[in-house]
Each structure stands twice: as C-alpha cells, then as structure tokens.
Amino acid sequence: MSASARYHAELLALPFFDAVHGALAGEANAWSAARLAAHPQDEAQDAVDARCRSLVAGLGAAGLTRYCVRREYGGALEDFDARAICLIRETLAYYDGLADFAFAMQGLGSGAVSLAASAALQARYLPRVARGEAIAAFALSEPDAGSDVAAMTCRAERSGEDYVLHGTKTWISNGGIADFYCVFARTRPAQVRTDGTQSAQGISAFVVEAQDPGLSIARRIEVNAPHPLAELEFRGCRIPASRLIGAEGEGFKIAMRTLDVFRTSVAAAATGFARRAFDEAVAHARKRRMFGKTLADFQLTQAALADMATAIEAAALLTYRAAWLRDTGRPMTLAAAMAKMTATESAQQVIDRALQMFGGRGVERGEIVEQLYREIRSLRIYEGATEVQKLIIGREVLR
C-alpha cells in the first residue's frame with residue numbers, strides 16, 4: 001500500500017464518514033484502476049470529445065453518475081451527499097483528470113434542474129443524467145461576467161408561451177458535446193447601485209437543448225489540459241416557457257445553491273491530483289540514483305516529501321470537514337472557501353515540487369507529473385478563484 005493510500009484509509013476511518021462512504025471509495029477505486037490506468041496523451045479535440053462521451057457512458061454503467069442525482073430520479077441516495085461526490089472526484093482525479101471532469105459536470109451541469117426545476121423537467125432530464133445517457137452543462141460565465149455573476153448581459157425575453165435568449169456564454173465545460181445546458185440569463189435589466197456594482201436580482205435559469213434553433217457553438221476553447229470547452233452564442237434562441245427553472249428572478253440563488261453542493265468537490269479533485277503527484281514523487285525518489293545514492297537518501301528530498309504529505313492531509317481534512325458540514329445541515333460557507341482555496345493552492349505546490357524532483361523528465365509531454373501540472377492550474381480559477389475565496393473567508397470571519 002502506498003503512503004498516499006494508507007493516509008486515505010486512515011481518513012476514511014474518521015467520524016466524518018459512514019459505512020456507505022467506505023464502500024463507495026472502494027468501488028470507485030476498483031473501477032478507476034481497471035478502466036483509467038492508461039489513457040492517451042495530447043489528444044486532438046475530436047478525440048477528447050469522444051473520450052469524454054465514453055467516460056460519461058462508462059461512469060453511468062458503473063453507477064457512479066447516480067451520485068449526481070437524487071434517488072427520486074434514478075440517483076443512488078435520497079439527497080445530494082457532498083462526501084460521496086468528493087470521494088468519487090478525488091478517486092477519479094487520481095487516475096485521470098478527464099474522468100473527473102466528466103463526472104463533475106454531470107452533477108454541476110444538472111444541479112439547477114435537481115434543486116429547482118419542475119417535476120416534469122426533472123423527470124425529463126435527470127434519469128438520463130444518472131444513467132450517463134445525457135451530458136449536462138452549466139452555462140453561467142460570460143466574457144465580462146466571471147467572478148462577478150451580476151454583470152451578465154445575456155438576456156431572456158418573454159414572447160407568448162416562449163422565452164427568447166440573446167447573448168454569449170463562455171468557458172462552458174462540456175460546451176459542444178452537451179445534450180442540454182442550464183443557462184442563466186437576465187429577465188430584468190440589472191439595477192446599478194451607487195457604488196457602481198450591479199444587483200444579481202433579475203437573473204433567471206433555463207434549460208436549453210443542444211438542438212434548439214438559435215443556439216450555436218461560437219468557438220471551441222483549447223486549454224492547457226484538454227477538456228471540452230466552448231463559447232455559446234444565443235441569437236433569438238426560442239425555448240418553451242416550461243423550461244424555466246424555478247421562478248423568474250431566482251436564477252442567482254439557484255446558481256449559488258448549485259455551486260454550494262459541488263464547490264467542495266473541486267477541493268477533493270485537487271487532493272486527488274496532489275495524491276497522485278506525491279505517489280509518483282515517492283516512487284521516483286526511491287529508484288532515481290544520484291551521486292551514488294538514491295534521491296530519497298537526501299535530506300532535502302525527505303523534507304520536500306514531508307511538506308507535500310502534510311499539505312495533502314491538511315487539504316483533505318478541510319475538504320471532508322466542509323463536505324460533512326454540508327451533509328449534516330450546518331453552515332459551511334467559510335469551511336468550503338477554506339477547503340477550496342487550501343486544496344487547490346496546496347495541490348499546485350505539491351505537483352510543482354513533484355515535477356522538480358523528476359528534473360528534465362518532469363516537463364516531458366506524456367509524463368504523469370507534467371500532465372498533472374497542466375490539470376491542476378484551472379482548479380485555482382473555476383467555481384470561485386482563490387482571490388474570491390479569500391474575500392469570502394475575510395468577510396465570514398469579520399461577521
């Protein structure tokens with residue numbers, strides 16, 4: 001058993017978890033080890049799209065995507081369980097960043113439907129999400145509205161029994177391959193406050209299907225770790241009013257409720273990336289010979305590994321504490337922000353240190369640590385950048 005696996009087993013023995021979580025962790029690891037141990041590197045966009053679709057189908061067949069949906073609509077549990085979602089994401093990230101992405105987006109992409117949509121919409125989309133038969137996406141960000149969601153300009157106008165959408169969404173995960181998008185748009189103009197900021201009131205949420213007339217993929221976005229991303233353009237995109245999620249004007253609250261469920265899982269994915277980098281570093285240090293010794297014999301190496309191991313365990317404890325708080329109905333805004341910030345920043349440092357141990361090999365395309373170096377970078381930005389998490393933490397501790 002690797003040091004990372006041993007630490008993980010000790011973590012699962014803590015009171016944060018129930019028996020179901022231990023069993024799930026074992027199932028997720030067994031499936032991942034069998035299906036994700038080897039995968040292609042530096043794939044072209046078409047290949048990435050195809051593999052992402054295949055991963056969603058495989059995760060569905062394995063029953064893992066059932067944890068993205070409530071039991072009423074084909075899910076595994078009565079309600080969302082942040083600890084289960086985190087355990088799955090940490091495990092998938094350890095083996096394959098795209099597999100983690102595919103799983104996470106099934107939950108985040110359909111989360112608004114699960115939390116606020118009508119029974120008819122839930123019955124239409126969620127069972128297929130749970131089975132891995134429909135790919136979901138979450139369309140919130142815009143070119144000038146990322147961290148500042150209230151600055152969005154995409155609008156939805158009521159027209160008889162329909163809504164008509166106009167505007168642009170960008171950095172949309174699963175853009176170009178999703179079967180449906182949870183899209184957030186203004187149904188009322190933004191109110192500008194005296195300090196120049198805009199109110200988030202007047203934002204609503206909708207389900208837009210990939211084939212709806214007026215929706216187009218303006219461009220595919222290539223990033224350092226290949227994932228399906230795109231910019232969406234809405235030009236007179238007409239959809240039935242029945243695809244409104246919740247009530248008009250509730251979109252911001254729905255978006256934040258969705259992120260509350262899944263934000264902690266970003267920290268879990270970062271922890272999975274960091275654990276893999278740590279295991280790779282330990283294995284390399286034990287066999288790499290320098291100056292008549294192994295790399296592991298040098299105190300500098302031992303000190304680096306000590307820092308890495310401690311950072312990973314601290315991040316894991318913060319992550320699963322936040323998930324436990326959420327699952328037990330306790331306030332978790334502060335805990336989630338601390339977990340997200342600490343886990344993603346620590347993972348960046350752990351992976352960078354692992355790459356340094358590999359020397360020249362560490363920057364060679366195809367090496368695991370090189371891939372992890374590219375995978376981790378975006379986690380410090382999406383679902384609330386580190387700087388935003390600091391603002392949240394500062395605000396919460398000053399209350």
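Visitor: Why does Phe16 count as buried?

Guide: Buried means under 20% relative accessible area, exposed over 50%, and partly exposed in between (1.4 Å probe, protein chains only). Phe16 has 18% relative accessibility, so Phe16 counts as buried. This is a predicted model, where local features need pLDDT of at least 70, side-chain atom pairs count only at pLDDT 80 or more, and totals for chains, interfaces and linings use all residues. Residues are numbered from 1 along each chain as its sequence is written, and side-chain values use heavy atoms, with hydrogens and water left out.

Visitor: Why is Trp324 called partly exposed?

Guide: Trp324 has a relative accessible area of 23%, so Trp324 is partly exposed.

Visitor: What makes the pair of Phe16 and Trp324 tilted?

Guide: Rings of Phe, Tyr and Trp (its six-membered ring) pair if their centres lie within 6.5 Å; planes under 30 degrees apart count as stacked, over 60 as edge-to-face and the rest as tilted. Here the centres are 5.7 Å apart and the planes stand at 45 degrees, so the pair is tilted. Phe16 and Trp324 are 308 residues apart in the chain.

Visitor: Why is the pair of Tyr94 and Tyr95 called edge-to-face?

Guide: Their ring centres are 5.2 Å apart and their planes are at 70 degrees, so this pair is edge-to-face. Tyr95 has 16% relative accessibility, so Tyr95 counts as buried.

Visitor: How do you know that the charged end of Lys293 sits over the ring of Phe298?

Guide: A charge sits over a ring if NZ of Lys or CZ of Arg is within 6 Å of the ring centre and within 35 degrees of the ring normal. The charged end of Lys293 is 5.6 Å from the centre of the Phe298 ring, and sits over it.

Conventions:
Helix = DSSP H or I, 4+ residues; strand = E, 2+ residues; numbered from the N terminus.
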